[in-house]
Amino acid sequence: MKDISCTLAIVGSGPGGYVCALRAGQLGLDVVIVEARKIGGTCLNVGCIPSKALIHAADEFEKVAEMAAGRGPLGIAVGMPTIDLKKAMAWKDAIVGRLTGGVATLLKRGKVKVVSGTARFRDGKTLEVETETGRQVIRAEAIVIATGSEPVALPALPFGGRVISSTQALALDRAPEKLVVVGAGYIGLELGMAYAKLGSAVTLVEAEPRILPLYDAELTRPVVKRLSALGMTTLTGARAIGLSGKGDAMLVEKADRSELRLEADRILVTVGRRPVLEGWGREELVLDMDGRFLRIDEHCRTSMRGIYAIGDVTGEPMLAHRAMAQGEMVAEIVAGRRRSWDKRAIPAVCFTDPEIVTAGLSPEAAARDGREVKVGVFPFSANGRAMTKLGEDGFVRVVARADNHLLLGVQAVGRDVSELAAAFGLALEMGACLEDIAGTIHAHPTLGEAFQEAALRALGHALHV
Amino acid sequence: MAEFVIKLPDVGEGVAEAELVEWLVKVGDLVREDAILAAVMTDKATVEIPSPVDGAVSWLGASVGDFVAVGAPLVRLDVGGVAVGPAAETPLPEPAPPPEPPPRRAAPEPPPQAPSHAAGAPRLEGERPLASPAVRQRAREAGVDLRQVAGSGPAGRIAQADLDAFFAQGRAQSERAPGLQRRHEIEDVKLVGMRRRIAEKMALAKSRIPHITYVEEVDVTALEDLRAALNKGKRADQPRLTLLPFLMRAMVRALDEQPALNALFDDDAGIIHRHGGVHIGVATQTPAGLVVPVVRHAEARDLWDCARELDRLAQAARSGAASRDELTGSTITISSLGAMGGVATTPIINHPEVAVVGVNKIMMRPSWDGAGFVPRKMMNLSSSFDHRVIDGWDAAVFVQRIKALLEAPAMIFMGV
């Protein structure tokens, strides 16, 4: 096979890699992207997008089920619903197909060459790709490592049989009767709540003393409330020991050291993700590490000249939009533009029920920086739109510097608050002060008014509470 | 919760107030009995204020740089029901919602206080420049470090117009040299503690006293020979002699003839207190700043005694252990920069004294002996006098007398 020579080669076509390729194509660079599995990476195929499709299907089903049970206040009466999960999964797969197909089209239109196969570094300038038709050598002036991350397995519960990862959880053809979720981080909660709504009896097993341990207790309280309303069981401070002898149950050591047997037809392990560092020849390059991640500088450069890294291999937060921004930046740097990582905020969303959004610093983190801060909280129970959506639980919280009122962070929990992430991120990135947010007309009646009111409250003159 | 109020204790005889120079705790801190809460400073000495009880700090009564009256409340502690343990030390994660403003009917609410970072204020060191992504990108493409650009917006935000202004200013002035950067940061350092004392003292002396400074050179060749011989033959229990003890003894001799110079001038009352005792202050550089330990009754001390006392005081001053008494009460002062001494200085009188003798560096200089140039060890004395009460003539006589004594050092020790 004839060797390829190009300006930029990208290993991995997840959101980081494909955005990097698209932008580089726009800038007229000669780009090759290598993908071992499917275009779109974790995000499009087995992550963000399919999980949101499943969550939506579960939400709709649960709404109708509530109405059928006569529990809704809207007066709608329907018969008990059923769900054909195979069909819902097919719908989900169609969305994934459209999006990944769309990315492939965009890459093609951007004159990006896609090579399918597993890439391996031969040296800092050369990749070898095992394709279906043989070995392809790619020589590039710059190479971007965008290999992403994969679910972490527990030694006591290796994947296989009843023990599944988030990937398999997005491809079940019926809701398990009894589902145990090990790890109550955002992935475990999103999927666990979805299956609880689809009818599974769900038990959460979390080693930390509370669910979503990376978020403050105030933010997670509405989610905890909803968990119990959905009939989910939560075991915190508990450790998964392993499968029972017959393999049809999981053994758990509870917080009080007593042992518990949890019957389960599926055990979903969501205890985190780890960077993909093996299988692409990292050992040939001797790249500096930063903990378990590749070390990068503010230009996403690794310790080796001409080699960049973006996305989940470079550290927390492992979020698609961070990888996309890094990918775009690296493409521009390779094209000779002056760019540097100077983002102020990377918003993060938990698509739990209700949803959680965080952007910038929490009150605790801001205080740890030694700053005096002002905090303003506005509850959705005082927001008209939230009432009409049956989503009164939750709040928006702003954190600002006490001296000049510069916004440092925004957090929110509530129904559909994920869409507010845009406003929060924009305010932080533009360097808004409390007065800027308080002085912006927010359309009525919308959930966004709570953002304005929280800013007013931090300034000491909220109107609607 | 029970409250315990810690008041500023009596920190020294005749001291009515003290300056707060350092807080070692903040509101919310848990303190144990005997933990140091704060440091206050009286005229010269720094005193640490310990906590007499266990408790949680609920209120601090002053800011660094404030003067606190003796007996005034300094710290309030919550002492009831405080669990002093690791669990209680972490702050509760839930921030309390801001208290609602009390209802007002009679008067409308005053306009809110403007944020303290006024627009256009210089950015404090270490602060990240605040700018929108568009401004950041434009700056980066132009190779401008935004830390150099003043922001006119709220919280110091840099707008496109600020960048325009920066570029215009850059064109007007000369380009910076390659590899060099203009710096625009300004660091604000609050004047507290000893530095403030020194500043006040210097300003007082310089504004009240019309100084006359008289510089004369002294041939110290013979004195240096004598000093070397004495140091060589000294007993183990005797201190190493520097030039200062000789100068002190010479000053004592000169002051015997001119008591008007060993005086404190109370200019408010219009009285000159002429002191019989010669208490010589020696300006000493310490890590914390300039202090003036005092060798008391130099008239009653011999050379070795002067040297020993000087050593002891200098060590105490540098380690911060000098007492208030050892740092006050001088009637005349010596200012010496030692090896850094330079050719001449214009020393400032230690108010309310009337004279200060400045010692410059000893240097080998050519000297005309009538037939040819010979190398001599020469040292300048730069001395200042309060010209309100000391005439230039008397000042010159004083310095000439010291010069004569130092040039023929045997005279220092003879009853001539």
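Helices (H or I, at least four residues) and strands (E, at least two) are taken here as DSSP runs, numbered from the N terminus. On that basis chain A holds 14 helices and 24 strands, and chain B holds 8 helices and 17 strands. The model is predicted: local features need pLDDT of at least 70, side-chain atom pairs count only at pLDDT 80 or more, and totals for chains, interfaces and linings use all residues. Residues are numbered from 1 along each chain as its sequence is written, while chains are lettered from A and ligands numbered from 1 in the order in which they are written.

Burial is considered next. A residue is buried if 20 or more other C-beta atoms lie within 10 Å of its own, exposed if 12 or fewer, and partly exposed in between, with C-beta atoms placed from the backbone. Of the 465 residues in chain A, 48% are buried; of the 416 residues in chain B, 28% are buried. Two residues are in contact if their C-beta atoms, placed from the backbone, lie within 7 Å. Among contacts between residues at least 6 apart in sequence, those joining residues at least 24 apart make up 66% in chain A and 64% in chain B.

A nonpolar core is a set of buried Ala, Val, Leu, Ile, Met, Phe, Trp, Tyr and Cys residues joined through C-beta atoms within 7 Å. The largest such core has 154 residues, and Ile10(A), Val144(A) and Leu407(A) touch the most other members. Helix 6 (residues 186–197) of chain A is its greatest contributor, with 8 residues. Another core, of 51 residues, lies apart from it and includes Leu223(B), Leu310(B), Leu327(B) and Ile349(B). Not counting residues up to four places away in sequence, Val144(A) touches Leu8(A), Ile10(A), Val11(A), Gly17(A), Cys20(A), Tyr308(A), Ile310(A) and Val330(A).

The expected span of a helix is 1.5 Å times one less than its number of residues. The 25 residues of helix 4 of chain A should therefore span 36 Å, and its end C-alpha atoms are 36 Å apart, in agreement. Its buried residues are Leu85(A), Lys92(A), Val103(A) and Leu107(A). These pack against helix 1 (15–26), strand 2 (31–35), helix 2 (41–46), helix 3 (48–68) and strand 3 (113–116) of chain A. After helix 4 of chain A comes Lys111(A), with a positive phi near 60 degrees.

Strand pairing in chain A can be followed through one sheet. Two strands pair if DSSP finds at least two bridges between them. An open sheet of 3 strands in chain A has the order 12-13-14 with antiparallel pairing. Its edge strands, strand 12 (239–243) and strand 14 (259–263), each pair on one side only. Strands 12 and 13 of chain A are joined by 4 bridges, and Ala240(A) has Val252(A) in strand 13 as its bridge partner. These two strands form a hairpin with 5 residues between them, and Gly247(A) in the turn has a positive phi of about 85 degrees. Strand 13 (residues 249–253) of chain A is joined to strand 14 by 5 bridges, with Leu251(A) opposite Arg261(A).

In chain B, Val68(B) belongs to strand 7 (residues 67–69). Val68(B) counts as buried because it has 20 C-beta neighbours inside 10 Å. Leaving aside neighbours within four places in sequence, its contacts include Leu8(B), Glu17(B), Val40(B) and Leu74(B). Glu17(B) is 51 residues away along the chain, yet the C-alpha atoms of Val68(B) and Glu17(B) are separated by 5.4 Å.
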